[in-house]
Amino acid sequence: MSRLDDAVRRVLRVKIRAGILEAVKPSARPFAGRYDLLSSPEHKAIARAAVAESLVLLKNSGVLPLKPGASILVAGDGANDVARQAGGWTLSWQGTDTRPTDFPNATTIWRGLEQAAKAAGGRASLSPDGRFQARPDVAIVVFGETPYAEFQGDKADVAFDDPADTLATMKRLKAAGIPVVAVFLSGRPLWVNPYLNAADAFVAAWLPGSEGGGVADVLFGKQQFRGRLPYSWPKRSDQSPLNVGDAGYDPLFPYGFGLKTSDDGRLAPLPEARSGDGGDRNVLFARGKATGGRKLLLGAADQPLAANPGPDLIASRAADRIAQEDSVRIAWTGRGGASAALVGQPVDLSREANGDVALVVDLRVDTAPSAPATLNGVVVTDRLRQLTGRWGRIAVPLRCLADTKGVTRPLTLTTAGMLDLTISAVRFGSAGEGLVDCR
């Protein structure tokens with residue numbers, strides 16, 4: 001209780017100092033009810049200027065500022081997504097499950113670049129995967145973290161875990177001789193050495209919010225880069241928080257670092273090996289492997305599972321989605337009940353199960369189930385059939401688990417019928433799509 005009292009006292013102290021407790025009710029304050037002022041041109045101009053001044057240039061091999069009249073390819077899964085620009089606590093707890101229509105007055109980075117390119121006598125085209133027909137003069141790749149809030153953003157190290165294999169897109173563009181400008185969206189500094197190596201220019205854009213045009217203003221040189229790092233940038237993926245003055249302070253970019261386009265912004269090749277075990281505590285399966293010390297085990301539903309139980313009931317093999325062997329293909333023969341499970345040390349999921357967090361599985365169904373199938377005890381037969389022949393998602397809320405305190409099998413997929421599917425990723429997160437009912 002003393003800890004709670006202390007926490008409440010601190011909150012109240014700030015509110016008292018801010019005059020909140022003595023202020024009149026909001027409906028009686030100046031400008032109350034003036035909703036016409038929201039998203040006014042004056043407000044948007046301030047927000048756009050704030051975006052421009054917050055961008056930090058970490059690398060520039062002479063490609064910035066963009067030249068007038070240039071043909072620009074805009075790529076990356078974050079280029080046309082306001083939710084990615086805004087992050088967590090935007091309209092929803094995690095900042096997910098939103099639609100473009102939820103941001104009627106916002107400008108994505110892509111739209112800002114399109115408008116700026118046209119104004120400069122050039123043109124811009126959008127291609128999230130970086131494919132093109134007409135060769136561009138330069139490619140701008142916008143990517144970064146997906147929205148999160150609170151413990152959903154917890155990580156075991158400071159490496160960026162790419163949900164879309166953006167690095168392959170950047171390398172493909174660079175191999176074609178096209179200069180690459182990386183615009184990185186994140187709520188924190190992260191280890192991104194491979195992406196720094198693959199880019200000719202690299203911009204830490206943080207979470208710029210609703211005014212993507214501010215990014216275009218700086219990339220086109222209408223405004224100079226003024227941003228400086230508010231945190232040190234890690235040199236290794238396993239580096240602890242870096243504080244100026246600490247013994248052994250050794251960041252890749254120190255606190256306060258930030259280039260101007262007039263600076264020599266070239267960067268020597270950086271080591272790309274990820275240090276330590278790493279990984280995101282919310283990621284259970286990625287790049288073709290179980291994470292966090294877990295194993296993918298198979299076998300009869302009523303028997304102990306094994307890594308290689310034999311092909312009579314169920315079998316698995318490596319499969320490809322984006323990269324070589326980045327997924328696993330699992331086939332049930334239909335000769336009896338069998339399960340595939342991720343098995344590891346007990347974990348307490350009671351906190352996660354208290355909200356809208358789900359077990360999210362990205363998969364493609366190659367052969368639809370011939371009998372009822374369950375994921376963590378929840379019937380998912382219909383959803384599996386919907387995903388036959390295409391990639392999609394199944395999400396089972398963690399509150400569906402009978403026991404959330406000592407979970408050793410965060411994923412168990414069971415059927416007695418035939419079923420053939422390929423799994424590319426498993427994680428704890430917001431459903432987005434494919435949410436199934438516990439009932």
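Student: Which strand does β14 join, and through how many bridges?

Tutor: In this predicted model, strand β14, covering residues 373-375, is joined by three bridges to strand β17, covering residues 411-415, and the two run antiparallel.

Student: And what stands opposite Leu375?

Tutor: Leu375 has Leu413 of β17 opposite it.

Student: What holds paired strands together, in general?

Tutor: Strands of a sheet pair through backbone hydrogen bonds, and the pairing may be parallel or antiparallel.

Student: Back to our sheet: what order do its strands follow?

Tutor: The sheet is an open one of five strands, in the order β9-β12-β17-β14-β15, and its pairing is antiparallel. Its edge strands are β9 (295-300) and β15 (378-379), each of which pairs on one side only.

Student: Zooming out, how many helices and strands does the chain have?

Tutor: The chain has nine helices and 18 strands.

Student: Why does the radius of gyration agree with a compact globule?

Tutor: It agrees because a compact globule of 439 residues would have a radius of gyration near 22 Å, and the chain has 24 Å. Along its principal axes, the C-alpha trace spans about 65 × 60 × 50 Å.

Student: What share is buried, and what about the contacts?

Tutor: Of the 439 residues, 46% count as buried, while among contacts between residues at least 6 apart in sequence, 76% join residues at least 24 apart.

Student: New topic: how many charged side chains, positive and negative?

Tutor: There are 53 positive and 46 negative side chains, with the centres of the two sets 2 Å apart. As for the accessible surface, the chain has about 22000 Å², of which 52% belongs to carbon and sulfur atoms.

Notes. Residues are numbered from 1 along each chain as its sequence is written. This is a predicted model: local features need pLDDT of at least 70, side-chain atom pairs count only at pLDDT 80 or more; totals for chains, interfaces and linings use all residues. Side-chain values use heavy atoms; hydrogens and water are left out. Two strands pair if DSSP finds at least two bridges between them. Helices (H or I, at least four residues) and strands (E, at least two) are DSSP runs, numbered from the N terminus. The radius of gyration is taken over C-alpha atoms; the globule rule is 2.2 Å times the number of residues to the power 0.38. Buried means under 20% relative accessible area, exposed over 50%, partly exposed in between (1.4 Å probe, protein chains only). Contact means heavy atoms within 4.5 Å. Accessible areas come from the Shrake-Rupley method with a 1.4 Å probe; for residues, only the protein chains shown count as cover. Lys and Arg count as positive and Asp and Glu as negative; His and the chain ends are not counted. The place of a charge is taken as NZ of Lys, CZ of Arg, CG of Asp or CD of Glu.
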